[in-house]
Amino acid sequence: MRGIYSSVTDIRRKVFTEVARLAYEGGDYSRIDDLPYKIVPGEVANYRESIFLERAIVGERLRLSIGLPLRPITEHTRLSQGIIESAIAEKYYDPPLVNVIKFACNKCPEKTVQVTELCQGCLAHPCKEVCPKQAIRIRNGRAVIDQDKCIKCGRCVGVCAYHAIVQMERPCAAACGMNAIHSDAYGHATIDYDKCVSCGMCIVNCPFGAISDKGQIFQLIHAMKEGYEVYAAIAPAFVGQFGPKMTPEKLRPAMQELGFKDIAEVAVGADLCTIEEAKDFLDKVPEKQPFLATSCCPSWSVMAKKKFPEFESYISMALTPMVLTARLLKKQHPGCKVVFIGPCSAKKLEASRRTIRSDVDFVLTFEETMGMFEAKQVDLTKITGESSLEEGTAAGRGFAVSGGVAQAVVDCIHKKYPDREVKVQSAQGLRDCYKMLLLAKAGKYNGYLLEGMACPGGCVAGAGTLQPLTKATSMVLDYKAKADKKTAEDSPYRKQADRLD
């Protein structure tokens, strides 16, 4: 649903804006109790059966955006409870990262196959003939499905000439490549956190806006107000995400209006990651291990380790572009704080890991950052553009689209070994990533470089993006094409990177 400005988008944007404004203005934070009435004014409900329900849902969204936990339904708790403790200049949220607001959930049915009114009572009845469980019988000339026998295989759906049989599934569960979403005793969606890898696909696929991740806008702005130099490491997928008025030339001055000291391209970290993964591949495949899997997408790598623990050592040990860029910034500017701004929810979880938390102080999505622009009322038409960002190479910028990581690694290898064959297989979406690893387990991809992306289409389709996939992909590729023809080895950051721990 990205790229469609729906009522869900509108509410999310207003929530992020009000949280950012609350932090910028400071003062008595208990006024958060009044914000649901500002975001949902009046006395007539627009989206649900009750305006009080709409405000209650907005209240929980406000809490999640600040990093606070959902309030228990069974007891009275003020909306502002815990906000004073969260008004700090450091990373803050209590797990879990992804949450279901139960009373916002529509209690969608789990996977089911149903015959609609479009059934024409045809003579052939192919639906009945192909059913492996004899779950379909003909009553008064029309097909009827016995739900106790149906195994939801979908064969009847495929053979109906009138498309009269449909397979329905809870949208969030259908989007979850880990099968981590089920129903609780009341029919609400519930997440199995032992399976969840925080890719965020459930967030963007719930048409009721019942699922949300926790944010760090509040704490980031507090860090700025306390005088920290805060640097934004911005992912190459940013192109076009803030609207047509935000050109790459305007990005630096626009971010400085929000309070950032400066910005850096994460494409720089991508370039360094490319070099490390190329070295890994040349050193290990196929002599030491059958294949090498890329490490850049945290949800993909966590899924691989959960589902195929025997493959853990086959995933590249290279640090992700986010971490490499953050380490460079902290080396250049001791004492600074770094915020990664990108398309991904899972990066929030990655930044909380013990080995990384000192490198990346905050993570914001493009959507959350847009809330900051609106809170500060930044007029992009009045910003004078500077020179475009020039640190990253075309290869590094290409990490944002599916296939870009593997292509960058292959190109890097071919610069030194032009005759070396590098076989590549890529997958997008966790279900397809899982299938790819099953084939790898069967020995089908020996000698290969495997690229996995949790989001269909790559990072440009992440849970924190604002534009349609095709448009975002096109804009990133155009931005990549404008990059200088320099190689990652020529980067001015290369010598510093060699000295990183």
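Colleague: Where is Gln114 found?

Modeller: Gln114 is in strand E2, residues 112-115; strands (E, at least two residues) and helices (H or I, at least four) are DSSP runs numbered from the N terminus. This is a predicted model, where local features need pLDDT of at least 70, side-chain atom pairs count only at pLDDT 80 or more, and totals for chains, interfaces and linings use all residues. Residues are numbered from 1 along each chain as its sequence is written, and side-chain values use heavy atoms, with hydrogens and water left out.

Colleague: And what does Gln114 count as in terms of accessibility?

Modeller: Gln114 counts as partly exposed, because its relative accessibility is 36%. Buried means under 20% relative accessible area, exposed over 50%, and partly exposed in between, with a 1.4 Å probe and protein chains only.

Colleague: Which residues is Gln114 in contact with, leaving aside its neighbours within four places in sequence?

Modeller: Those are Ile145, Gln147, Ala164, Ile165, Val166 and Met168, where contact means heavy atoms within 4.5 Å. As for Ser301, 187 residues apart from Gln114 along the chain, the two C-alpha atoms are separated by 37 Å.

Colleague: Switching topic: is Gln241 buried or exposed?

Modeller: Gln241 is buried, with a relative accessible area of 1%. You'll find Gln241 in the loop between strand E9 (230-234) and helix H10 (248-258).

Colleague: What does the side chain of Gln241 reach at 2.6 Å?

Modeller: That would be the backbone nitrogen of Leu466. A polar atom of the Gln241 side chain also lies 3.4 Å from the backbone nitrogen of Gln467. Setting aside neighbours within four places in sequence, Gln241 is in contact with Phe366, Thr465, Leu466, Gln467 and Ala472.

Colleague: What is the relative accessible area of Thr369, and what does Thr369 touch?

Modeller: Thr369 has a relative accessible area of 0%. Not counting residues up to four places away in sequence, Thr369 touches Phe242, Met255, Leu258, Ile341 and Leu364.

Colleague: Now some helix packing. At what angle do H1 and H9 pack?

Modeller: Helix H1 (residues 7-25) and helix H9 (residues 217-225) pack at about 25 degrees, with their axes 9 Å apart. Axes are lines fitted to C-alpha atoms, for helices over the stretch in contact, and angles run from 0 to 180 degrees between N-to-C directions. H1 and H9 are therefore roughly parallel to each other; under 35 degrees counts as roughly parallel, over 145 as roughly antiparallel, 65 to 115 as roughly perpendicular and the rest as oblique.

Colleague: Which residues make that contact?

Modeller: From H1, Phe16, Val19, Ala20, Leu22, Ala23, Tyr24 and Glu25; from H9, Ile217, Phe218, Ile221, His222 and Lys225.

Colleague: How about H11 and H13, at what angle do their axes cross?

Modeller: The axes of H11 (residues 266-284) and H13 (residues 321-332) cross at roughly 110 degrees and come within 7 Å. That makes H11 roughly perpendicular to H13. The contact is made by Val266, Val268, Gly269, Ala270, Leu272 and Cys273 of H11 and Pro321, Met322, Leu324, Thr325 and Leu328 of H13.

Technical notes. Polar contact = N/O pair within 3.5 Å; in protein donor to acceptor, adjacent residues only side chain to side chain.
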